[in-house]
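Trainee: I would like to learn how to read an interface between chains. Can we go through it step by step?

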Protein chains: 6
Amino acid sequence: MTEHDDRQARFDRGMALLNEVSGGIGPAVVESLADVSPELGHQLVAWGFGEIYSRPQLVPRDRQLVTIGMLTALGGCEPQLRVHVNTSLNVGLTPAEIIEAMLQAAGYCGFPRALNATNVAKEVFAERGLLPVDGAQ
Amino acid sequence: MTEHDDRQARFDRGMALLNEVSGGIGPAVVESLADVSPELGHQLVAWGFGEIYSRPQLVPRDRQLVTIGMLTALGGCEPQLRVHVNTSLNVGLTPAEIIEAMLQAAGYCGFPRALNATNVAKEVFAERGLLPVDGAQ
Amino acid sequence: MTEHDDRQARFDRGMALLNEVSGGIGPAVVESLADVSPELGHQLVAWGFGEIYSRPQLVPRDRQLVTIGMLTALGGCEPQLRVHVNTSLNVGLTPAEIIEAMLQAAGYCGFPRALNATNVAKEVFAERGLLPVDGAQ
Amino acid sequence: MTEHDDRQARFDRGMALLNEVSGGIGPAVVESLADVSPELGHQLVAWGFGEIYSRPQLVPRDRQLVTIGMLTALGGCEPQLRVHVNTSLNVGLTPAEIIEAMLQAAGYCGFPRALNATNVAKEVFAERGLLPVDGAQ
Amino acid sequence: MTEHDDRQARFDRGMALLNEVSGGIGPAVVESLADVSPELGHQLVAWGFGEIYSRPQLVPRDRQLVTIGMLTALGGCEPQLRVHVNTSLNVGLTPAEIIEAMLQAAGYCGFPRALNATNVAKEVFAERGLLPVDGAQ
Amino acid sequence: MTEHDDRQARFDRGMALLNEVSGGIGPAVVESLADVSPELGHQLVAWGFGEIYSRPQLVPRDRQLVTIGMLTALGGCEPQLRVHVNTSLNVGLTPAEIIEAMLQAAGYCGFPRALNATNVAKEVFAERGLLPVDGAQ
């Protein structure tokens with residue numbers, strides 16, 4: 001991150017990164033917010049990805065492990081979890097690792113949160129032809 | 001509030017206020033609970049509106065800002081948030097103010113909660129012909 | 001619980017108990033997780049029911065009161081609450097007691113959580129022909 | 001509850017019940033709020049106890065099971081949990097039953113919430129000379 | 001916000017605003033994070049205040065109502081709530097309005113969250129010689 | 001995990017692993033629960049570590065990233081977070097990676113949760129002579 005990145009530069013950097021890790025959903029996210037909260041769309045991209053996610057202190061794979069933990073714990077974030085299960089696969093987590101992170105969540109957040117997260121993962125895996133999960137036993 | 005308001009008086013006062021600020025949804029709320037938990041319907045109206053919301057220490061517009069903050073933070077309260085986005089518009093908050101409250105929520109509750117709340121607001125605004133939001137840029 | 005119960009014994013004990021209190025949903029739960037997270041299904045049954053729920057320190061009816069309180073407070077656990085409203089009826093809680101627990105939740109978790117839980121209960125009661133709730137007034 | 005209970009009658013009924021189940025903490029609660037939020041103190045007593053807790057649909061022992069579940073799940077409610085562990089003992093729950101409810105919470109809210117609640121219970125039990133807990137093994 | 005504000009300009013703008021509304025705590029916040037997470041300190045100031053709070057769509061008084069609602073609902077945010085009760089007073093909310101927002105929280109988040117928040121407010125009010133709260137009855 | 005591991009074998013396996021990753025706190029955890037909830041202590045060790053954490057699908061370093069995410073998101077779990085910051089260091093996460101995970105939490109759970117977690121990390125780092133954090137800028 002340079003000291004002289006302006007608003008548009010941050011957005012562009014964030015969009016490039018968001019597209020890379022998510023498989024191209026960036027424009028759709030921004031578009032869906034364009035008529036109701038364009039600043040939320042801007043900040044999600046420019047700040048969330050352009051300033052935070054782009055930092056080299058954690059690689060994307062590691063960020064996704066943290067994020068799966070957070071979204072599972074929060075509850076009620078199924079749409080965001082769906083995006084992040086896809087992203088997790090894109091950046092190198094295996095289905096078995098994602099599932100294992102959610103199994104561990106049973107001990108820290110309880111079974112209901114773990115089950116809800118696992119059901120989201122199952123839907124994503126089904127869409128991507130990844131069922132049954134290899135090595136989850 | 002008089003010292004001698006009885007159960008029915010509190011309910012009547014609450015129902016009048018609920019109808020005024022919500023645009024008339026009071027009877028439907030009470031009706032939907034009538035066969036399962038009539039006391040919950042009674043208390044929502046008689047206590048929530050007849051005793052608390054009716055106090056003059058905060059005007060309805062201010063109460064709605066607090067409520068949008070609480071419902072966004074709690075998560076999983078989309079049905080209630082829908083009612084309160086409508087109520088917020090009814091008591092004088094503009095769409096841009098509602099959206100800005102939810103943008104601020106990104107910093108206090110995180111983007112997933114802010115996004116879920118904004119999506120509820122978008123649906124309400126669409127129903128009321130308020131899209132695109134004026135002044136949200 | 002014996003000191004020498006192995007993995008399969010715990011699962012069998014849990015499945016027998018889960019089926020008894022839930023009215024036979026055990027196999028469906030395990031089956032739905034079989035291709036995505038078989039270990040989560042195993043542990044839900046073998047640990048949640050075989051090791052914890054089966055302890056005699058609380059009878060099933062009392063466990064369900066605690067569970068209704070927890071699931072209502074957590075929010076976003078409507079699928080699990082649906083199972084546990086059914087289970088609560090199966091182990092001896094009356095509809096009026098279930099509804100009263102959710103009314104009390106209004107004071108500890110707020111009305112939105114109480115309303116969401118009550119709506120789940122209403123759906124279950126409707127399916128089982130238990131509306132209107134007797135004695136909830 | 002009569003149809004003609006006024007504000008003071010509800011408060012008096014709530015205070016009598018709160019004192020009965022909590023072992024006399026009612027006046028201290030109201031007093032601690034007197035100079036900052038007297039209405040919150042009034043409503044906690046008059047509504048929480050005078051209108052909700054006093055309903056006969058659940059006996060106090062059962063209400064406490066629900067409340068322990070809710071406060072454990074919410075997290076960050078250690079002061080209130082302390083009151084309610086004491087109240088639970090006063091209305092007939094045994095230490096082993098309270099501890100078992102918190103053990104069950106491990107499966108629904110995760111171990112951190114269960115541990116925090118159990119630590120509160122341990123403090124209360126120590127003050128009342130109830131350690132070691134009989135029958136918790 | 002200009003299109004060409006760079007990293008330092010955002011920080012400076014945020015720090016000026018944070019100091020103005022909070023009564024000068026900005027440097028202490030940044031300093032306390034300097035040796036552990038300087039980027040968190042930077043972003044709290046540069047993004048939270050420089051980019052979001054500084055937007056004109058909501059005046060500071062209104063932002064504080066939303067924030068009190070969010071922090072009360074989240075729970076476990078007593079340190080942040082302490083800052084924001086002070087800030088709320090600085091930007092024009094009266095003690096009675098702050099207290100009323102927390103009373104309303106009883107209905108949306110339950111009494112435990114409302115009590116914890118009110119206790120924080122009481123401490124701040126005591127430090128600033130604002131007890132007893134005028135007009136809270 | 002063998003199919004014939006009994007209760008004591010699971011506990012022993014969990015205790016060995018807990019001690020290894022946490023730097024020997026296992027016996028203290030079990031001891032602190034011995035007189036109030038020995039079963040909670042047993043299950044934390046035998047199930048949480050002996051059955052879940054010991055699975056090879058995620059290495060300890062990865063489990064800790066998930067756990068830091070969950071504990072930060074839950075809030076009110078400072079004692080557990082303290083243990084897990086220590087454990088994270090023990091299994092190979094650097095202070096800068098831990099801090100970065102908590103910075104990312106600002107975007108998913110909001111700044112208050114991120115700040116509370118970072119303050120816990122700062123205390124642990126100070127005890128271990130790891131301040132200032134290298135590479136956190």
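Trainee: How many salt bridges does the rule find across the interface of chain B and chain A?

Mentor: First, some ground rules. This is a predicted model, where local features need pLDDT of at least 70, side-chain atom pairs count only at pLDDT 80 or more, and totals for chains, interfaces and linings use all residues. Residues are numbered from 1 along each chain as its sequence is written, chains are lettered from A in the order in which they are written, and side-chain values use heavy atoms, with hydrogens and water left out. A salt bridge is a side-chain nitrogen of Lys or Arg within 4 Å of a carboxyl oxygen of Asp or Glu. Between chain B and chain A the rule finds 1. B:Lys122 pairs with A:Asp35, with the closest N and O atoms 3.6 Å apart.

Trainee: What area is buried between chain B and chain A?

Mentor: Interface size is often given as the accessible area lost when the parts come together. The probe is 1.4 Å, and the loss is summed over both parts. Here the area is about 1600 Å². Carbon and sulfur atoms give 67% of it.

Trainee: What do chain A and chain F bury between them?

Mentor: They bury about 3000 Å², 65% of it on carbon and sulfur atoms. In chain A, the residues losing the most area to chain F are A:Met70, A:Gln104 and A:Tyr108, together 22% of what that side buries.

Trainee: How many salt bridges are there between chain A and chain F?

Mentor: The count is 6. One of them joins F:Arg63 and A:Glu100, at 2.8 Å from N to O.

How values were computed:
Buried area is the accessible area (1.4 Å probe) that two parts lose on being put together, summed over both.
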